[in-house]
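Welcome, and thanks for taking a look. This briefing walks through the sheets, the core and a few individual residues, so keep the viewer open as you read.

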Amino acid sequence: VISHNPEKQQEFMVDDASGTRVSLFGPGGAVIEELIVGKLGGFESQQAAIAQGQFNENQFHSFIRRAGTDRVFKVQGFFGGLLGIDPQQWREHDILKFHPAQLKSFTATTAEHELSMQLNAENTWEMVSPGVPDGMQVDSTAVFRLISALGSFRASSLIDTPVAGPGFEQPVLEIEAVLYDGTSYKVSVGAEAPEEQNLYYCRSQGSDQLFTVAEFRMDQVNKPPQELLIEKAEEQ
């Protein structure tokens, strides 16, 4: 508890006018709890991480007041961000979603390069395209980071209205992924969305749903082949 003073409620955005009222219902529709969720804290310590999309939700805190009381709580977590009233927030934003251990092969293609990787019989990743130069080998740590990003490739927003020139006829990035159970995915990233900073149109094969995806997420899965290679250790 950080405050009992009603005059402080507006500062923490837990007053009735500026807070988000969250009602919890039990059997028969009876209200069992009502909370006023206020502003988020913790941005100051994570500005660099936020810019890279790598922030830690546990380092944020939310200000929350129980309706009908003056006590304001500081609660660890991202509640203020999780309990918004924008319908976009409650829709599925996953473009690709799988555990890294489920992935069998993937290909990422741009105008500059094509990267194709697959698991071999020894259950290690090998680079199918391009060929691996002599004296080099696949960096398994770098590959694991890439496939982890592939398995949680999320959209920034969903677009439900027609868009002129989404750019899928000449995509800036195409991703194909095949899982061990035979499930396959193909994702195309097209033109940059106008008036949207560093967001690009994106679509999955077989779906009419249009997304925007952030450039930093594209960078996580679009690695030049040389960034996934390391020098072979000299044999003793």
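A nonpolar core, as used here, is a set of buried Ala, Val, Leu, Ile, Met, Phe, Trp, Tyr and Cys residues joined through side-chain atoms within 4.5 Å. Buried means a relative accessible area under 20%. Please bear in mind that this is a predicted model. With that in hand, here is the tour.

**The largest nonpolar core**

- The largest nonpolar core has 35 residues, and Leu103, Phe106, Leu150 and Phe153 touch the most other members.
- Helix H3, spanning residues 140-150, gives the most to this core, with six residues.
- As general background, nonpolar side chains tend to be buried together in soluble globular proteins.
- Is Phe106 buried or exposed? Phe106 has a relative accessible area of 2%, so Phe106 counts as buried.

**The eight-stranded sheet**

- Eight strands make an open sheet with antiparallel pairing, in the order E8-E7-E6-E12-E13-E14-E15-E11.
- Strands E8 and E11 (157-159) are the edges, each pairing on one side only.
- On average, and ignoring direction, neighbouring strands of this sheet are turned by 25° against each other.
- Within the sheet, strand E13 (residues 184-192) and strand E14 (residues 199-204) run antiparallel and are joined by four bridges.
- Val187 has Ser204 in E14 as its bridge partner.
- Which strands does H3 touch as it packs on the sheet? H3 is in contact with E6, strand E7 (114-119), E8 and strand E12 (173-179), and the direction of H3 makes about 85° with that of E6.

**The four-stranded sheet**

- Another open sheet has four strands in the order E1-E2-E3-E4, again with antiparallel pairing.
- Its edge strands are E1 (20-25) and E4 (72-76), and each of these pairs on one side only.
- The twist from one strand to the next averages 35°.
- E1 and strand E2 (residues 31-41) run antiparallel and are joined by six bridges; here Arg21 has Ile36 in E2 as its bridge partner.
- The hairpin of E1 and E2 has five residues between the strands, and Gly28 in this hairpin takes a positive phi near 75°.
- E2 and E3 pair in the antiparallel sense over five bridges, with Val37 opposite Ile64 in E3.
- Strand E3 (residues 61-66) also pairs with E4, in the antiparallel sense and over five bridges; Ser62 stands opposite Val75 in E4.

**Aromatic pairs**

- How many aromatic pairs are there? The count comes to three, and two of the pairs are described below.
- Phe12 and Phe63 have ring centres 4.8 Å apart and planes at 35°, so this pair is tilted.
- Because Phe12 lies in the segment before E1 and Phe63 lies in strand E3, their pair ties together parts that are 51 residues apart in sequence.
- Trp125 counts as buried, at 16% relative accessibility.

**Two residues to look at**

- Gln9 lies in the segment before E1 and is buried, with a relative accessible area of 9%.
- Not counting residues up to four places away in sequence, Gln9 touches Val14, Asp15, Arg65, Thr69, Asp70 and Val72.
- Lys97 lies in strand E5 (residues 94-97) and counts as exposed, at 55% relative accessibility.
- Lys97 touches Gly151 and Tyr185, again not counting residues up to four places away in sequence.
- The C-alpha atoms of Lys97 and Ser152 are separated by 5.2 Å, although these residues are 55 residues apart along the chain.

Note on methods:
Residues are numbered from 1 along each chain as its sequence is written. This is a predicted model: local features need pLDDT of at least 70, side-chain atom pairs count only at pLDDT 80 or more; totals for chains, interfaces and linings use all residues. Side-chain values use heavy atoms; hydrogens and water are left out. Buried means under 20% relative accessible area, exposed over 50%, partly exposed in between (1.4 Å probe, protein chains only). Helices (H or I, at least four residues) and strands (E, at least two) are DSSP runs, numbered from the N terminus. Two strands pair if DSSP finds at least two bridges between them. Axes are lines fitted to C-alpha atoms, for helices over the stretch in contact, and angles run from 0 to 180 degrees between N-to-C directions. Contact means heavy atoms within 4.5 Å. Rings of Phe, Tyr and Trp (its six-membered ring) pair if their centres lie within 6.5 Å; planes under 30 degrees apart count as stacked, over 60 as edge-to-face and the rest as tilted.
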